[in-house]
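Please look at the sequence and the model shown here, and keep both in view while reading the short report that follows.

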Amino acid sequence: MACLLAASPYTFPLQPHNLDSNSTEKSTEEWLFSSLKSPKTPTQLKTLHAHIIKTNFTQNDLVFGQLLLCCSISNSMHYASRIFAKIHHPKLFFYNAMVKGYSETGAHQEAIQIYSLMRSRSVFCDSFTFPVVLRSISSLGMIGVGEELHGLVMKTGFDARVIVQTALIDMYCACGLPNSARLIFDRIPDRDVICWNTMIAGYIKCGKFSKARELFERSPVKNVSSWNTLVDMYCKCGDIEIARQLFDEMPEKDIISWNAMISGYAKIGECEAARRLFEQMPKRNVVSWNVLITCYVHKRQFSDALELFRMMQVSDVKPNEVTVVSVIPACAHLGALDLGQWIHAYINRNRIKMDVYVNTSLIDMYGKCGSVEEARGVFDNAKVKDTFLCNTMIEVLAMHGRAEEAFGIFMYMRSGGFKPNDVTFIGLLKACSHVGMVDTGVKYFRMMKEEFGLTPKVEHFGCMVDLLGRAGHLQEARELIKNMPMEPTSIVWGALLSACRIHGNVKLAEEVALHLLDLEPQSCGNYVLLSNIYSKAGRFDEAVELRKMMKEKGVKKKPGCSSIEVNHVVNEFFAGDRAHPQCKEIYEQLEKMVKRLKAEGYVPCITSALHDVDMDEKEQTLVHHSEKLAVAFGLLSTDHRTPIRIVKNLRVCDDCHIFMKMVSKYYDRQMVVRDCSRFHHFSDGSCSCSDYW
DNA sequence: CTAGGGTTAG
């Protein structure tokens, strides 16, 4: 993992002092024009802008329009719009540059606004304007604007241009009207390959696969793209065999053909097949890497994904914003904060575009790695915000029990015009349940229906059961399940069972467990939970009985696994694991810790041990729980002031929770433990969850 | 025209 640090430095070709050269105006203009073709920092844009004005290049629309375009590739459309707003009589080229800039940065709404501005100022659009605007219309599916534009195109005589007609075909298909598109298609006398391919792709977008195939067969002008389109189609509709057949028999392949096929395997989770093709392909580009990395992330093979990212760094392909969006969730799941922070710095160092996707994944990563402050920092600095980004921030705050701040984000959404969706409310309800705000939760549950017209899904009922149950309203929670409009899932019952554990209600737990064991008889978590409820109530016989039942049904206990990151290396520990190279030291350290804490009054809480064994052995099993191994390792290998951050795949058990509290006190260490449902921040003998988890 | 990206209940 240390190799990740070997990133190549990226120096910017244009430094501001270069602008003071004494070259003649003519060559400066050429130089200026060419230098406007690569991305610039805001300061560089400003300097260039001043330079253009000073040398009167405003007269030359090519240079000025290029500046506006340069703003867009520099991710500075807001700067472009400021410049644009100051121009009294923009030339057509400036409008076009603005429309193109917005369209290419995904600001389709703004692109269409510029188009409307042109219409209201009676500026005549040209054959450059139409396809670009049509692209934005397609993205937004604004069929009304599209049809109006269609009429305009016919009036202005641009309808003779294949390129404009093709854009119209694409627009109609994107708006779900393939038949209207086909009418245009059939009337075009000089159809080229792109035109044919657009119509084929249009059918695919509308789900008309057989029509697409039919047209492909009829097309007299097939090129690689036509084949690629079809290969991609079969990958998307799950017919990987046919896709592969086409891939194998196509007359020539380009990099896209390979990527499409690899992506097909990636989509169905066939990492190995994807990997084989990846290794076979003659040349790889950034997309090839991204597809494969994403495939591993989706298969939850996070370490493999990170390993690929590392390999990519030493290859000749530079990672881009899509790459980091694929890699960051791997850090999030592993709880690898250092690595996540490193990638964040890497993004800045390499001028990778910080778009809304990157920011969302960063917020999620910081949250899941226990650093709410950094998550908040990314949120506040994000230039573009959307519903996803806000939802993620709410979810992070909820996870850490910071309900009021989560509500604050929700208020921000409402005032900023970001439409809350069903996920928003999952976050809000979760925030309420972690701090026991029952009334507020009920308020949000009502609000989502009454004010936002969102129908609660089973997920929302799950949150509500959790909210009521945790707060001790077990019967109300039970009633809610009875009255749900849909069948309760195992997760809903699971929420109630957890609540029974917190409040020690064995009777209800038994009823709930019946449903659970019926729904998912092979899931070990339910047996463990019920067994712990029995043990806690002193009913050990029943706990043992349950253990037997597990054995009979062949249910394997999922091994507990905790990971801790030290020096960019993620160290994984399983319960009783002896695989770590420093195993001996770790076990010695753990023994010392137990001794010391026992002297301070620690009594192992053996009810947490499920195993049907004698007392001593129970204690041994407890001592070797994965999170204890991770803590011992953390104490051994980190500086006194470094907080120990641990990620666990299961719920923390009672004993480990007590143990952690005592370690935080007697070893004077901050500890942040993420279990499968929330965070525990241990400090000076207590936990942020107030023993309510 | 064709390949890659973000949030979600125990």
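## A network of charged side chains

E373, R402 and E405 are linked in a network of salt bridges, where a salt bridge is a side-chain nitrogen of Lys or Arg within 4 Å of a carboxyl oxygen of Asp or Glu. By this rule the count comes to 26 salt bridges.

## How the model is read

This is a predicted model, in which local features need pLDDT of at least 70 and side-chain atom pairs count only at pLDDT 80 or more, while totals for chains, interfaces and linings use all residues. Residues are numbered from 1 along each chain as its sequence is written, chains are lettered from A and ligands numbered from 1 in the order in which they are written, and side-chain values use heavy atoms, with hydrogens and water left out.

## Three salt bridges in detail

D248 forms a salt bridge with R244, and the closest N and O atoms of this pair are 3.2 Å apart. Both D248 and R244 lie in helix α14 (residues 240-249), 4 residues apart, which is about one turn of the helix; helices here are DSSP runs (H or I, at least four residues), as strands are (E, at least two), numbered from the N terminus. D248 is partly exposed, with a relative accessible area of 48%, and R244 is partly exposed as well, with 25%. In these terms, buried means under 20% relative accessible area, exposed means over 50%, and partly exposed lies in between (1.4 Å probe, protein chains only).

K457 forms a salt bridge with D422, with the closest N and O atoms 2.8 Å apart. K457 lies in the loop between α26 (438-450) and α27 (458-470), whereas D422 lies in helix α25 (residues 422-435), so the pair ties together parts that are 35 residues apart in sequence. K457 counts as partly exposed at 40% relative accessibility, but D422 is buried, with a relative accessible area of 17%. In another salt bridge, K628 pairs with D655, and their closest N and O atoms are 2.7 Å apart. Because K628 lies in helix α35 (residues 626-637) and D655 in helix α36 (residues 654-666), this pair ties together parts that are 27 residues apart in sequence. K628 and D655 are both buried.

## Nonpolar cores

A nonpolar core is a set of buried Ala, Val, Leu, Ile, Met, Phe, Trp, Tyr and Cys residues joined through side-chain atoms within 4.5 Å. The largest nonpolar core has 189 residues, of which I169, V231, I343, Y444 and L496 touch the most other members. Leaving aside residues up to four places away in sequence, Y444 touches F407, F410, F425, L428, L429 and C432, contact meaning heavy atoms within 4.5 Å. A second, separate core of 34 residues includes I564, Y602, V623 and I644.

## The surroundings of S139

S139 has its place in helix α7 (residues 129-140) and is partly exposed, with a relative accessible area of 46%. The side chains of S139 and H108 are joined by a polar contact of 3.2 Å, a polar contact being a pair of N or O atoms within 3.5 Å; within protein, one must be able to donate a hydrogen and the other to accept it, and residues adjacent in sequence count only if both atoms are side-chain atoms. R182 is 43 residues away from S139 along the chain, and their C-alpha atoms are separated by 19 Å.
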